[in-house]
Amino acid sequence: MYEKKTKTFRKLSKSALCLMGLSLVTVGVSINLNNDVIRIIPLNASNSLLPSFTANELFVARSPVLEVFEMPDYEYTIQSGDNLSQIFTKLNIPYKNLLSLMETDLNHLRIDTLQPGDILRFWIHDTAKNLNKLELEFNIASKVIYQRLDDGTYKFSDVDILGSWVQTVSVGNIEGSFSISAHKAGLSYNDINTITNLLKDKIDFSQDLRAGDRFEIVRAEQTVNGEFSGQSEIQSIRIEQRGTPITAYLHTDGNYYDNRGNSLQRAFQRYPTLSKKRISSEFNPMRKHPVTGRVSPHNGIDFAVPIGTPVVSTGDGVIIIVQNHPYAGKYIVVDHGNQFRTRYLHNSKILVKKGQHVTRGQPIALSGNSGRVTGPHIHYELLIRGRAVNPMTANIPMSISVPRNEIMTFEKSVAAYDQKMFVKR
Ligand SMILES: [Zn+2]
């Protein structure tokens with residue numbers, strides 16, 4: 001679509017790249033040290049190989065907001081081992097722009113979630129060389145935009161395309177491990193993780209399943225303009241272990257239950273501490289900045305605690321991010337599977353490593369005052385499907401079964417899912 005001129009830059013030495021510890025998340029992709037280059041692609045709108053559609057059509061396809069579509073000056077696809085400050089240096093974007101971006105991102109922490117394959121788009125001011133706009137594209141349905149304002153700060157916006165969700169049924173027999181068999185049947189490793197995590201109390205996936213045991217899984221996949229975004233959701237599971245079915249069903253409250261309506265998820269606790277603590281700042285997505293008057297959301301809850309207070313994981317999960325951020329300080333993100341994540345900011349000491357499994361109530365850090373704070377506290381966030389919610393009032397798995405007044409609705413959807421799974425037999 002765009003004319004691509006590939007410029008090859010040599011990578012800076014590793015020590016020069018670690019400014020502020022902004023190294024991007026790297027996944028299980030091997031880094032080729034012999035081919036230690038990054039490629040930045042300038043996009044030239046005036047070139048002959050322009051898109052076959054007009055800018056207007058492009059805008060209609062991608063964004064519901066009425067604005068003039070402007071081509072980015074640069075587009076770059078994140079590769080394993082990349083570092084944001086290094087990319088900014090290559091593009092001669094002032095360091096103060098990066099700091100200002102990080103300040104805005106304190107409330108969202110999306111920059112630290114960048115993975116190889118994600119796309120960055122840069123709009124740069126012609127004369128001042130300031131970064132006017134930065135877009136991060138995580139997949140075709142999800143991107144975020146940082147737009148520079150007159151005072152040099154950035155405004156954050158989240159562009160999520162709903163697309164359509166297509167239901168699919170995957171069936172298969174166990175041959176080798178569950179993970180291999182399920183992958184063969186078309187499930188992603190993310191889906192497989194969700195399943196094994198949900199049923200870990202019911203099935204020992206390394207021991208209990210035998211060749212010939214059967215599984216049936218209903219899931220929904222997101223598409224945007226006919227293209228899969230990579231986002232999916234497990235809706236029901238039936239695994240037959242030598243004739244005995246083990247089941248899970250997603251209820252309208254976002255939680256999973258077995259066919260009798262008993263919760264499959266271990267409960268969360270409300271407080272990220274061993275005992276109740278005083279709240280010093282409430283959750284407030286519309287909080288106004290006292291000086292600028294602009295909306296500066298408070299996406300979590302602050303607990304006033306002395307430095308060194310144990311910070312505990314509020315649910316079972318896996319540590320997915322351990323990071324030192326100029327404004328959020330030493331922070332941790334825990335993935336609880338099934339669309340729940342929690343974040344713990346401003347710690348003095350981290351007690352866990354990336355990839356580590358943790359259980360509810362397990363100390364994961366000692367509180368502190370790292371990052372930009374006015375005093376020591378724990379800033380705690382709960383995200384459901386990527387959205388920050390009030391951790392004190394959100395609907396999180398705390399009960400052990402489907403509420404009595406919802407049982408009829410639940411039974412109806414169980415019957416509907418069962419029909420879908422059995423049809424495939
Ligand atoms: Zn806070």
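Which residues touch the most other members of the largest nonpolar core? I started there, keeping in mind that this is a predicted model. The core has 36 residues, and Ile332, Tyr344 and Ile364 are the ones that touch the most other members. I then looked for the element behind it: strand 17, residues 329-335, gives the most to this core, with 4 residues. Domain 1 (7-160) and domain 3 (279-389) both contribute residues, so the core lies between them.

**Ile332, up close.** I listed what Ile332 touches, skipping residues up to four places away in sequence. The list holds Ile319, Ile321, Val322, Tyr344, Ile350, Val352, Ile364 and Ala365. I noted that Tyr344 and Ile364 turn up in this list. Apart from this core lies another one, of 25 residues, and I jotted down Ile192, Leu198, Leu199 and Tyr257 as being among them. A general reminder for myself: in soluble globular proteins, nonpolar side chains tend to be buried together.

**Phe283.** Is Phe283 buried or exposed? I got 22 C-beta neighbours inside 10 Å, and the cut-off for buried is 20 or more, so Phe283 counts as buried. Phe283 sits in the loop between strand 13 (279-281) and strand 14 (301-303). Leaving aside neighbours within four places in sequence, I have Phe283 in contact with His298, Gly300, Ile301 and Asn390. I also looked at Pro391: 108 residues separate Phe283 from Pro391 in sequence, while their C-alpha atoms are 8.1 Å apart in space.

**The whole protein.** Last, I took the overall numbers. I count 7 helices and 22 strands. Of the 425 residues, 31% count as buried. Among contacts with a separation of 6 or more, residues 24 or more positions apart account for 65%.

Notes
Residues numbered from 1 in each chain as written. Predicted model: local features only at pLDDT ≥ 70, side-chain atom pairs only at ≥ 80, totals over all residues. Core = buried A, V, L, I, M, F, W, Y, C linked by C-beta atoms within 7 Å. Buried ≥ 20, exposed ≤ 12 C-beta atoms within 10 Å, placed from the backbone. Helix = DSSP H or I, 4+ residues; strand = E, 2+ residues; numbered from the N terminus. Domains from an automatic or database assignment. Contact = placed C-beta atoms within 7 Å.
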